[in-house]
Amino acid sequence: MASSLLRNPNLYSSTTITTTSFLPTFSSKPTPISSSFRFQPSHHRSISLRSQTLRLSCSISDPSPLPPHTPRRPRPEYIPNRISDPNYVRVFDTTLRDGEQSPGATLTSKEKLDIARQLAKLGVDIIEAGFPAASKDDFEAVKTIAETVGNTVDENGYVPVICGLSRCNKKDIERAWDAVKYAKRPRIHTFIATSDIHLEYKLKKTKAEVIEIARSMVRFARSLGCEDVEFSPEDAGRSEREYLYEILGEVIKAGATTLNIPDTVGITLPSEFGQLITDLKANTPGIENVVISTHCQNDLGLSTANTLSGAHAGARQMEVTINGIGERAGNASLEEVVMAIKCRGDHVLGGLFTGIDTRHIVMTSKMVEEYTGMQTQPHKAIVGANAFAHESGIHQDGMLKHKGTYEIICPEEIGLERSNDAGIVLGKLSGRHALKDRLTELGYQLDDEQLSTIFWRFKTVAEQKKRVTDADIIALVSDEVFQPEAVWKLLDIQITCGTLGLSTATVKLADADGKEHVACSIGTGPVDSAYKAVDLIVKEPATLLEYSMNAVTEGIDAIATTRVLIRGSNKYSSTNAITGEEVQRTFSGTGAGMDIVVSSVKAYVGALNKMMDFKENSATKIPSQKNRVAA
């Protein structure tokens with residue numbers, strides 16, 4: 001908001017902005033520097049921007065609310081094989097499919113549904129909800145998303161397409177259709193490899209055989225009643241051009257509506273990938289009757305650049321994930337691609353635009369980060385913790401004079417509220433209403449039970465800290481709201497540790513029926529002994545693969561957030577969409593608290609809950625078809 005105001009002073013009439021910066025000096029105390037600006041306001045806001053080295057505050061007078069978000073242009077009516085506005089680019093989000101293939105990113109059915117609802121709020125055109133043939137749990141999750149999110153139409157007629165992935169075989173395609181057919185706009189996405197290396201070593205088939213499989217399976221998908229079929233030639237980036245023209249022309253004749261061009265191993269450069277899209281448009285028979293899509297992996301760190309290059313060359317669908325998560329080095333990041341188009345679409349990309357409501361980017365990013373346990377690095381573009389932080393004295397000086405000197409994006413555009421609109425500072429005397437208002441400002445909509453739980457945890461923290469920051473509140477909400485369904489719940493824990501003897505832990509857990517269980521154990525340290533005590537109660541063998549801890553704020557009284565990654569026994573597996581092999585699943589868990597042992601145990605119990613929920617919902621497995629590519 002302050003950034004927009006400083007860049008657009010003509011929108012306001014009488015505004016005083018006072019800034020105070022605490023810059024590092026050689027003395028023991030920071031030196032405050034104050035400045036003030038005056039504009040004419042049409043809104044009233046009180047803003048406080050904080051980082052470790054820069055604090056800004058401003059007050060803007062006028063009671064009228066901010067205008068609602070409106071897209072630059074209306075979203076065109078959805079037609080599977082064409083887009084009426086030549087500059088509109090569809091956003092195809094595959095966080096729930098490709099993103100979940102990240103090691104440790106296993107999601108429960110409830111978490112997938114929550115993320116799908118948030119993606120709809122974000123405004124993505126297509127949600128690839130999963131790979132229904134992977135397991136019973138994946139099938140049920142996709143079906144539930146199709147039945148709910150896929151039938152929630154907003155006042156503008158928007159409802160996302162719900163897509164299911166399938167390999168080019170009848171059982172996969174039938175399974176995908178059975179899951180997505182309940183949506184108002186269902187789509188089947190089927191694929192088969194086309195590069196020489198994949199044909200020889202993975203499929204062991206000739207080019208002619210693969211063309212026949214692709215053609216017949218697209219035709220089969222259409223025969224089921226699906227009018228929206230996407231086809232992908234896997235590893236297109238390394239495939240022979242003439243062969244791509246041929247196979248894509250055949251699937252167009254068979255009824256494909258979208259052709260996705262994947263850079264599966266992330267090997268192409270932006271100039272190469274853009275030229276690939278140009279060549280396909282010029283040489284593929286019938287290409288004018290379909291929408292061209294791109295799916296760029298990030299193995300060389302070029303996925304965003306390749307995706308934008310493809311869009312500039314004529315692709316009108318971009319396949320992306322929140323925070324760029326995915327197999328290996330991940331995928332093109334939704335927030336990076338969308339904001340690049342928003343910032344540069346008019347000036348560099350020929351007027352391209354999307355239907356994304358960017359104000360929901362931060363909340364969506366946070367939800368995916370918490371649910372998957374895949375932490376976003378601080379310097380991640382758009383959504384990283386440092387993306388809008390300014391520590392350099394030169395940068396701070398420029399920011400104080402005009403935010404446009406170092407910020408090309410207003411943080412409020414992506415839903416990053418660095419301000420406290422009501423001017424409220426939360427502490428031990430704050431009430432439930434003040435906390436609820438702050439949570440609403442931060443983007444959280446909690447029910448009464450969740451609010452009550454958060455409030456009492458907030459009061460406990462506030463008793464021990466003079467001031468509770470937004471980061472503290474977010475950590476508490478994440479620890480409560482973003483936890484998986486409880487099979488086991490931590491009640492109490494007592495630890496004895498030090499240098500005078502073995503560490504001892506006593507842990508009390510409650511099972512799903514509310515029955516309490518207590519166990520004691522010794523270990524090499526407090527966390528080790530506590531985890532062993534949990535294992536004695538749960539009796540579900542698991543191997544701890546990763547353990548990490550971070551303080552959400554500075555200071556000795558900071559809340560600690562813990563993330564763990566565990567792997568269960570061989571019975572926790574599913575089918576990999578790309579290789580067709582059974583893969584052993586890993587499960588992540590997070591916990592937060594001022595006591596690092598409690599935080600650690602909550603994270604471990606959360607990971608176990610995910611693992612056991614997956615076991616329960618995957619009791620009936622879909623048989624693997626590792627080498628079967630046609631019925």
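Buried here means under 20% relative accessible area, exposed is over 50%, and partly exposed is in between (1.4 Å probe, protein chains only). Strands (E, at least two residues) and helices (H or I, at least four) are DSSP runs, numbered from the N terminus. This is a predicted model, where local features need pLDDT of at least 70 and side-chain atom pairs count only at pLDDT 80 or more, while totals for chains, interfaces and linings use all residues. Residues are numbered from 1 along each chain as its sequence is written, and side-chain values use heavy atoms, leaving out hydrogens and water.

**Around β9**
- Val229, Phe231 and Pro233 point one way, with Glu230, Ser232 and Glu234 going the other.
- β9 pairs in the parallel sense with strand β8 (residues 186-193) over six bridges; pairing takes at least two DSSP bridges between the strands.
- Strand β10 (residues 258-263) also pairs with β9 in the parallel sense, over two bridges.
- Phe231 is the bridge partner of Thr190 and stands opposite Leu259 in β10.

**Salt bridges**
- The whole structure has 31 salt bridges, each a side-chain nitrogen of Lys or Arg within 4 Å of a carboxyl oxygen of Asp or Glu.
- Arg563 and Glu546 form one, with the closest N and O atoms 3.2 Å apart.
- Arg563 sits in strand β17 (residues 560-567) and Glu546 in strand β16 (residues 543-551), so this pair ties together parts 17 residues apart in sequence.
- Arg563 is buried at 9% relative accessible area, whereas Glu546 is partly exposed at 41%.
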